[in-house]
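Hi there,

Here is the structure I promised to pass on. Please have a look at it, and then read my notes below.

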Amino acid sequence: MSKVKPTGPIPQGYDDKDGELLIGGEKASELVDQHGSPLFIYSKDQLDKRFAGLRNAMPEQLHIHYAMKANPFAPLLSHMVSLADGIDIASGGELEMAIKAGAKPNHISFAGPGKRGEELLQAIRTGVTINIESPTECDRVLKISDREDVQPRMAVRVNPDFDLKGSGMKMGGGAKPFGMDVELVCPTVDRIVNAGALWRGFHIFAGSQALKADAIIETQQQTIKLAARLADAIGKAPDHVNLGGGFGIPYFPGDEQLDAGQIGEALRAELANLPKILANTQFAIELGRYLVGEAGVYLTKVVDRKVSQSQTFLVTDGGLHHQLAASGNFGTVVRRNYPAAIASKYTTETQEVVSIVGCLCTPLDRLNDNVEMPKAEVGDIVAVFCAGAYGASASPANFLGQGPAKEILVD
């Protein structure tokens with residue numbers, strides 16, 4: 001028998017009724033009966049609680065932005081627009097979705113390398129803030145703006161000379177395609193200001209998916225110091241500084257919940273003692289998965305149960321084409337198990353060791369590997385948690401002609 005492997009921790013806030021998993025007050029089986037399988041379900045109650053908790057933990061004057069790349073599902077996005085102070089986008093397509101969801105253009109910022117000319121034109125005409133990633137991109141924006149006779153809103157994305165320690169994905173420090181190196185920032189800001197564009201400030205993003213409060217605190221302190229140093233060199237205070245994100249959520253065995261209160265306390269002290277040049281600067285953080293990740297559950301039905309070489313497999317009608325990250329194929333070096341459960345037997349004691357696999361004809365399609373679960377039969381429902389971020393929109397839904405899963409937002 002293969003070695004038993006643990007699953008990640010199931011997020012708090014999920015209850016049961018009659019032994020079944022409840023999501024938004026409804027049983028998993030009822031949701032699947034109504035909407036079909038596979039199915040992504042996002043809980044508005046979970047979103048509200050996470051956002052309220054974060055708002056309470058952070059300094060009152062700090063703006064909280066939603067990075068919509070984490071989950072652009074239209075009903076969820078509209079709800080996040082109603083909660084957040086700003087929306088951070090990374091494409092022209094996301095810009096269209098953000099506007100349709102009710103976001104105001106002056107509350108939208110556009111980051112990402114390789115913005116196409118038509119996307120820059122769209123952003124300039126709409127009036128969103130463009131986070132400039134290179135001197136060349138700066139020239140392109142100014143050229144288009146001059147042709148359109150529109151004053152662009154521009155910020156400079158900085159590739160900081162430090163990274164976020166312990167982050168799952170480093171976005172700063174060393175050679176990066178994101179933002180521009182520190183020595184290029186001042187000349188670029190001078191170019192923006194001299195051209196008569198509206199310089200909004202800095203976007204400084206060092207990394208993501210960190211679970212250590214101390215690491216995020218240190219990075220935020222370094223980011224504020226860097227912003228002050230750059231502002232002093234430019235001789236002009238930035239209106240706005242985006243401190244980036246980095247707040248992670250527990251996915252894997254041994255992961256623990258991030259202490260947002262500790263981060264907020266330290267940031268409160270930093271913002272109360274800012275360098276003089278930043279005294280009137282508005283600060284923001286941008287978060288994606290931390291706001292929405294734990295509010296989502298992926299439900300998929302068992303369609304076959306089989307034994308091969310003494311190993312039991314539960315074969316589902318879903319898989320990596322909907323949940324690429326849970327399968328271990330979205331940047332994970334060593335595959336580990338996401339939090340999962342048999343939703344239809346949520347409170348039943350574990351009885352066997354199984355591997356939960358998808359319906360695709362590839363050995364990569366594993367949702368859980370050698371885990372202890374209640375005995376499940378054909379028709380039972382598997383729940384994969386932490387499915388609210390980088391799930392449906394970050395997975396190859398059309399691989400092997402399977403098509404996307406349905407998504408719903410419940411109360």
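Helix α9 (residues 260-272) has 13 residues and spans 18 Å from its first C-alpha to its last, close to the expected 18 Å, where the expected span is 1.5 Å times one less than the number of residues. Helices (H or I, at least four residues) and strands (E, at least two) are DSSP runs numbered from the N terminus. This is a predicted model, in which local features need pLDDT of at least 70 and side-chain atom pairs count only at pLDDT 80 or more, while totals for chains, interfaces and linings use all residues. Residues are numbered from 1 along each chain as its sequence is written, and side-chain values use heavy atoms, with hydrogens and water left out.

The buried residues of α9 are A260, I263, G264, A266, L267 and L271; buried means under 20% relative accessible area, exposed over 50% and partly exposed in between (1.4 Å probe, protein chains only). Their cover includes α2 (44-57), α8, β15 (282-287) and α10 (289-292).

Strand β15 holds F283, which is buried at a relative accessible area of 3%. Which residues pack against F283, leaving aside neighbours within four places in sequence? F283 is in contact (heavy atoms within 4.5 Å) with Q61, L62, H63, I224, V241, L243, L271, L274 and L278. F283 and L62 are 221 residues apart in sequence, yet 5.6 Å apart in space, C-alpha to C-alpha.

Now the cores, each a set of buried Ala, Val, Leu, Ile, Met, Phe, Trp, Tyr and Cys residues joined through side-chain atoms within 4.5 Å. The largest nonpolar core has 104 residues, and Y66, F202 and F247 have the most contacts inside it. Helix α8 (residues 213-234) gives the most to this core, with 10 residues. Apart from it lies another core of 18 residues, including Y14, L39, L299 and V410.

Finally, the rings: Phe, Tyr and Trp (its six-membered ring) pair if their centres lie within 6.5 Å, with planes under 30 degrees apart counted as stacked, over 60 as edge-to-face and the rest as tilted. That rule gives 11 aromatic pairs. F247 and Y290 have ring centres 5.4 Å apart and planes at 75°, so they are edge-to-face. This pair links distant parts of the chain, 43 residues apart: F247 is in the loop between β14 (240-242) and α9, and Y290 is in helix α10.

Best wishes
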